[in-house]
Amino acid sequence: MTDKKVIRTRKQLLTCPAAMIAPRNQWYIAALSQEVTRGMLARQILDDHIVFFRAEDGSPVGLADRCPHRGVPLSMGTIQGDAIRCAYHGIEFGKTGACHRIPSQSRILPQLAVQSYPLLEIGPYIWIWMGDPANADESLLPDQFELGITRPGWRVTPMFVMEIACNYQLLHENLLDVSHISFLHPGLLDTGSMASASFKASYEGGRVRISRDLNETPNEMMAKTFNLTAGKPVRRTLITEAIPPQLSLIVNIFTDPENPDAPPHILTSPQGVTPSGNNRCLNFLINCSSYSEPQPDDAVPHLWKLFEQDKVVLEAVQRRFDEEGWDLPEISVMADTAALKFRLKMVEMVEAERKKRATAKPLAS
Amino acid sequence: MTDKKVIRTRKQLLTCPAAMIAPRNQWYIAALSQEVTRGMLARQILDDHIVFFRAEDGSPVGLADRCPHRGVPLSMGTIQGDAIRCAYHGIEFGKTGACHRIPSQSRILPQLAVQSYPLLEIGPYIWIWMGDPANADESLLPDQFELGITRPGWRVTPMFVMEIACNYQLLHENLLDVSHISFLHPGLLDTGSMASASFKASYEGGRVRISRDLNETPNEMMAKTFNLTAGKPVRRTLITEAIPPQLSLIVNIFTDPENPDAPPHILTSPQGVTPSGNNRCLNFLINCSSYSEPQPDDAVPHLWKLFEQDKVVLEAVQRRFDEEGWDLPEISVMADTAALKFRLKMVEMVEAERKKRATAKPLAS
Amino acid sequence: MTDKKVIRTRKQLLTCPAAMIAPRNQWYIAALSQEVTRGMLARQILDDHIVFFRAEDGSPVGLADRCPHRGVPLSMGTIQGDAIRCAYHGIEFGKTGACHRIPSQSRILPQLAVQSYPLLEIGPYIWIWMGDPANADESLLPDQFELGITRPGWRVTPMFVMEIACNYQLLHENLLDVSHISFLHPGLLDTGSMASASFKASYEGGRVRISRDLNETPNEMMAKTFNLTAGKPVRRTLITEAIPPQLSLIVNIFTDPENPDAPPHILTSPQGVTPSGNNRCLNFLINCSSYSEPQPDDAVPHLWKLFEQDKVVLEAVQRRFDEEGWDLPEISVMADTAALKFRLKMVEMVEAERKKRATAKPLAS
């Protein structure tokens, strides 16, 4: 693919309504495990309003966050054992979404129920299936070992979730494309040569991967970001990978050029890229490391500030699209080839779902 | 009517544009009497911008709040005797809405006039006729004696007006339906048995009435709400009535079970439910009591906090309708039967006005 | 023209989309000279987002404020010599808008360029050509000598720029029509007789001019506004002129009735009226005086407060148009005749541009 052939606008991908553009028959990261408690977590995912809480046995529950009676968000109510009680008329719904109690009458109406979303809790993340619950397919879950979450002896550290007021595709492309980091994050993630470093791109099974090899001598800030020693040269392999539709996997492998046979220092950041509502998305971050040293005390605020540099830019781009429409032109450069491949992959996934729905036998009404 | 037959969505009622859904040839409560002074009160009622003030003789005036010359809200101007002077070019309009003065010319233009709304001031409320002034019909005014406003020896206490960012129908249904009070207002308006208490519903002349009889022993908070003695048992009859299109009448009758022949302690709350603009409404509250003891000093903040519990829930419901459309489904329970009757009555009133307009002979243009 | 014949609504002028209503093949004031520095000034003009800065030689530059690569506002970036560098991927654009550098590749793409707007800096103002740069026509620039900007021996003082959330036509009419000043600015710009003073109106070359002669004895505040002596009578000629499409010229000529042959004290205020975006406009103010005494130290805050009186009213008028549509009626009085002439002139200019575009041979696509 040359830069002559690349798509010149995001029209093909992004002129579809935002809610349609994310495939639904997939697992998305819904929450950090630590966010879901015996209290309420209200969150919008793929435009659905969902309330999360834990049942008495500790298992996470995700219910549609709207009482089907008079439309009050259930997250304004209270937890009663394994049920959620609506703040308005006290109607209660259990873990499955079925109604348990209507205070003003003894007869339970079977149609008075809310959707319950299939959830999976694995290490620091809670995953949610956004399609028909009957079709929830665990085989579609990304390989947790590859992500670094379930590797024996590795340290897994939940970091934060950041809401960004942009379409999730902008975040995906931001995370895949590291040619921006010398400019948007000067001195924090590289030593200035990232944009001009040569790279290899590969496309396998719908995944898009970019890999770079560099020799760097980290400064204080970069050393803090990656738990390195400032001033001590490293050989670095940086791999960024977009896993459709919901993950960005960033892998840094550092080796000591003076001691090439020592075990490498590996860091993986499997980041959730979850569409929320109305051109907003959620960026979930955890760090997995092949070594056991804890990260510095201020790792979270340090990375939060770094991610805010992206947030500011992505939200400015989105505001222009909001103002002037999705068909504002873009002109791509060579370094965008991988991101454009990913866009096409996402269009394929969305189109495949659309076709499937179109040919499905309609339910009897 | 069984719960099988009830309307399952608010589509029938609420998919009409908000401005159309309130019948205009009716009296609505526009203001508490004490709100209208020699200064300006700007308020939106049934989507109309209106400015209220008092003339030199103390009579209330309501004029369209837009100078017909260059569109400045008249409420930004000043009162000059019985006239209102526009802030921009000093043009003045009298009580009838006719222009009195154009500073830049001596000739008055008859077409330079603003609408003057018929008003009626009765006790603590000022009522406004929102239809054609020529058709203002005092016989349509609710019976003030029944409301408790004009009963000899009764104490009438103006409380407050609360703006709620929801369609006025949501407020009407909230006030009619007391099955919510044990949950949304725990300990403030009942002792916890309201939702499950049996009730009688009746429908007469378009009005919907729900009545409950209870034996209660009020706690401190409920006692404060109703001027009762905490810990002393009472027999209570609670009647809530929706009077289309503009009033909610709540009547509490308390008797002493140890002294059943003593005069009952009666409280009426005739509440104005006035559509404002753009799915906002105004809730006017006064209290009328059959006894002369003044209410506690903190009665207003006490009730304000209680009403805010409704406001929070109603505005959350409205936000979802705003976001996802009026055809979001609702599933009704038995206790909603009266509210659904009232919805149908309101649809009839709106439809009757629409038909009347459609068959009216058009004005020569 | 009598008041019978005047246009009774702004429909004819203002029902066109706001972006279309300002002719583009014209010079508008873009900035006070002092606002444009080696830093960034981001400003929306005729709906275009533009970033202004100064090149190394001090000349002002105006570029489209959107990186054509991924849509980030260039004003979020940094100045590098004569170029602007995008904050996201470091792509650089020079004064002409051509791309100088793409960090991730050596080949420059000619299509990766941004529009560069023709600018002219004359005294305190920077003017911008909003049409096709190839057609930039300096003969269309208003006569700077007439404005008072280039007269030998005159003092020229930049004052401020005020953003007003209204369509620029409302500001034009506000500045042309002084019949409002006795009411909206009591005691600040006249001694109360302005609205009723007789006036002459003239229409030449598309310009609309209103002239009034008055005898006044300024109070303290009016004296401060015009650098006069409070209590000392003056003969005053006040001329307000609307110069389509972008200027309001206000001229005050004061003479001493006791010394009629002394040189008059002349003040000109050539005010920029520049459409910004979405029914917002910019009001640029400078003062030019035939005498050399500096204005009082607090002249800027004094005038700012005065102009805010207009801003408040104009924004209230605009909010109603936003809410209820541009076809809200207006009823005009005799004093509006000149403003209505000006509206018609503006409609002609916009229509002439539209016709020219319609008959232009389309570019080969």
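The structure is a predicted model, in which local features need pLDDT of at least 70, side-chain atom pairs count only at pLDDT 80 or more, and totals for chains, interfaces and linings use all residues. Residues are numbered from 1 along each chain as its sequence is written, and chains are lettered from A and ligands numbered from 1 in the order in which they are written.

**Chain arrangement**

Two copies of a chain are related by a rotation about an axis and a shift along it.

Where chain A meets chain B, 19 residues of chain A and 17 residues of chain B take part. Residues count as in contact if their C-beta atoms, placed from the backbone, lie within 7 Å. The chain A side of this contact holds 10 nonpolar, 7 polar and 2 charged residues. In this classification Ala, Val, Leu, Ile, Met, Phe, Trp, Tyr, Cys and Pro are nonpolar, Asp, Glu, Lys and Arg are charged, and the others, Gly among them, are polar. Between chain B and chain C, 19 residues of chain B touch 17 residues of chain C. The chain B side of that contact has 10 nonpolar, 7 polar and 2 charged residues.

**Domains of chain A**

Chain A is assigned domain 1 (26–122 + 129–135) and domain 2 (143–351); the bounds come from an automatic or database domain assignment. Taken over C-alpha atoms, the centres of the two domains are 33 Å apart. The contact between them takes 11 residues of domain 1 and 12 residues of domain 2. On the domain 1 side, strands β1 (27–32) and β2 (41–45) of chain A each supply at least two residues, and β1(A) gives the largest share, 4 residues. By class, this side of domain 1 has 7 nonpolar, 3 polar and 1 charged residues. Helices (H or I, at least four residues) and strands (E, at least two) are DSSP runs, numbered from the N terminus.

**Helices α4 and α8**

Two packed helices are described by the angle between their axes and the distance between the axes. In chain A, the axes of α4 (residues 168–176) and α8 (residues 337–359) come within 10 Å and cross at roughly 145°. Axes are lines fitted to C-alpha atoms, for helices over the stretch in contact, and angles run from 0 to 180 degrees between N-to-C directions. The crossing in chain A is right-handed. From α4(A), the contact draws on Gln169(A), His172(A), Glu173(A) and Leu176(A), and from α8(A) on Ala338(A), Ala339(A), Phe342(A), Arg343(A) and Met346(A). By class, these are 5 nonpolar, 2 polar and 2 charged residues.

In chain C, the axes of α4 and α8 also come within 10 Å and cross at roughly 145°, and the crossing is right-handed.

In chain B, α4 (residues 168–176) is mostly covered, with 9 of its 9 residues buried. A residue is buried if 20 or more other C-beta atoms, placed from the backbone, lie within 10 Å of its own, exposed if 12 or fewer, and partly exposed in between. Among the buried residues of α4(B) are Tyr168(B), His172(B) and Leu176(B).

**Two loop residues of chain C**

Gln115(C) lies in the loop between β8 (99–101) and β9 (119–122) of chain C, and Ile108(C) is also in the loop between β8 and β9. Gln115(C) is partly exposed because it has 16 other C-beta atoms within 10 Å. Ile108(C) counts as partly exposed because it has 14 C-beta neighbours inside 10 Å. Leaving aside neighbours within four places in sequence, Gln115(C) is in contact with Leu63(C), Ala64(C) and Gly97(C). The table gives one C-alpha to C-alpha distance for each loop residue.

| Residue pair | Separation in sequence | C-alpha to C-alpha distance |
|---|---|---|
| Gln115(C) and Gly97(C) | 18 residues | 5.6 Å |
| Ile108(C) and Ala98(C) | 10 residues | 9.5 Å |

Technical notes:
Two residues are in contact if their C-beta atoms, placed from the backbone, lie within 7 Å. A crossing is left-handed if the near helix is turned anticlockwise from the far one by less than a right angle, and right-handed if clockwise.
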